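My plan is to pick a few positions, look each one up, and then step back to the whole fold.

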Amino acid sequence: MQPITREKIQFMKHVLEEDPFYLVIGDIQEESDPDPDVKKNALQAYHEFLNEYSSLRCGSVVLFGRKELPDYQFPVADMPGGFEEWVCIGKIEPYPLYINKQNGRICCLTGDPGTEMKIRDYGDFHDFLESYVFGEKYVEIGGRDDWYDLMKQRGLLK
């Protein structure tokens with residue numbers, strides 16, 4: 001994981017721990033049982049994240065921990081390429097969030113039943129964390145909610 005991203009995650013983890021009422025805004029839990037065998041492939045950055053954090057909930061964004069992943073794979077059947085190409089890693093409320101096994105790109109399948117479904121691309125895992133979870137582009141996925149306001153108040157956003 002990029003050092004700047006790690007610093008932002010740790011900073012916001014400490015901010016969230018300052019006030020018990022912040023639990024409704026977000027929660028960042030560290031992993032107590034890392035996997036020492038991280039392969040150098042398209043998912044390396046994601047697996048390095050899983051070795052440090054067991055779950056992450058930041059406003060509208062939820063990233064599942066390694067132990068939760070098997071229970072949340074049913075939405076993969078809706079993605080082109082299915083289980084061969086994708087892993088469901090979380091959600092952007094209420095839509096499933098995926099990582100592509102071949103190139104590490106983060107995507108979200110949006111749309112309601114009976115409407116046209118769209119796949120939104122958020123770049124690689126590092127870009128997604130840096131820009132969309134802990135950066136200025138969060139407003140594109142979560143709006144100006146409590147998470148956005150907290151990041152702005154604490155100086156992560158301009």
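**Entry 1: Gly90.** I started with Gly90, which is buried at a relative accessible area of 2%. This is a predicted model, so I treat each value as computed from the prediction. Gly90 sits in strand 4. I listed what Gly90 touches, leaving out residues up to four places away in sequence: Val62, Leu63, Phe64, Tyr95, Pro96 and Leu97. I also checked Gly90 against Pro20. The two are 70 residues apart in sequence, and their C-alpha atoms are 24 Å apart.

**Entry 2: Pro94.** Next I went to the loop between strand 4 (86-92) and strand 5 (95-100), where Pro94 is placed. Is Pro94 buried or exposed? I found it exposed, with a relative accessible area of 59%. The cut-off for exposed is over 50%, so Pro94 qualifies. I then looked at the peptide bond between Glu93 and Pro94. That bond is cis, with omega at about -5°. I noted for context that most peptide bonds are trans. Last, I took the distance from Pro94 to Glu18. They are 76 residues apart along the chain, and 27 Å separates their C-alpha atoms.

**Entry 3: Thr5.** I moved to helix 1 (residues 3-18), which holds Thr5. Thr5 has a relative accessible area of 1%. Buried means under 20%, so Thr5 counts as buried. Which residues does Thr5 touch, not counting those up to four places away in sequence? I got His126, Leu129 and Glu130.

**Entry 4: the core.** How many residues does the largest nonpolar core have? I read 48. Phe49, Leu63, Phe128 and Phe134 have the most contacts inside it. I then followed Phe134, setting aside its neighbours within four places in sequence. Phe134 is in contact with Lys8, Ile9, Met12, Ile28, Leu56, Cys58, Leu129, Trp147 and Met151. Leu129 is also on the list for Thr5.

**Entry 5: the whole fold.** I counted six helices and seven strands. The order along the sequence is α-β-α-β-β-α-β-β-β-β-α-α-α. The radius of gyration is 15 Å, close to the 15 Å of the globule rule for 158 residues, so the protein is as compact as a globular protein of that length. Along the principal axes, I have the C-alpha trace spanning about 40 × 40 × 25 Å. Buried residues account for 44% of the 158. Of the contacts between residues at least 6 apart in sequence, 43% join residues at least 24 apart.

Entry 6: I put the accessible surface at about 8500 Å², with 51% belonging to carbon and sulfur atoms.

Key: Residues are numbered from 1 along each chain as its sequence is written. This is a predicted model: local features need pLDDT of at least 70, side-chain atom pairs count only at pLDDT 80 or more; totals for chains, interfaces and linings use all residues. Side-chain values use heavy atoms; hydrogens and water are left out. Helices (H or I, at least four residues) and strands (E, at least two) are DSSP runs, numbered from the N terminus. The radius of gyration is taken over C-alpha atoms; the globule rule is 2.2 Å times the number of residues to the power 0.38. Buried means under 20% relative accessible area, exposed over 50%, partly exposed in between (1.4 Å probe, protein chains only). Contact means heavy atoms within 4.5 Å. Accessible areas come from the Shrake-Rupley method with a 1.4 Å probe; for residues, only the protein chains shown count as cover. A nonpolar core is a set of buried Ala, Val, Leu, Ile, Met, Phe, Trp, Tyr and Cys residues joined through side-chain atoms within 4.5 Å.
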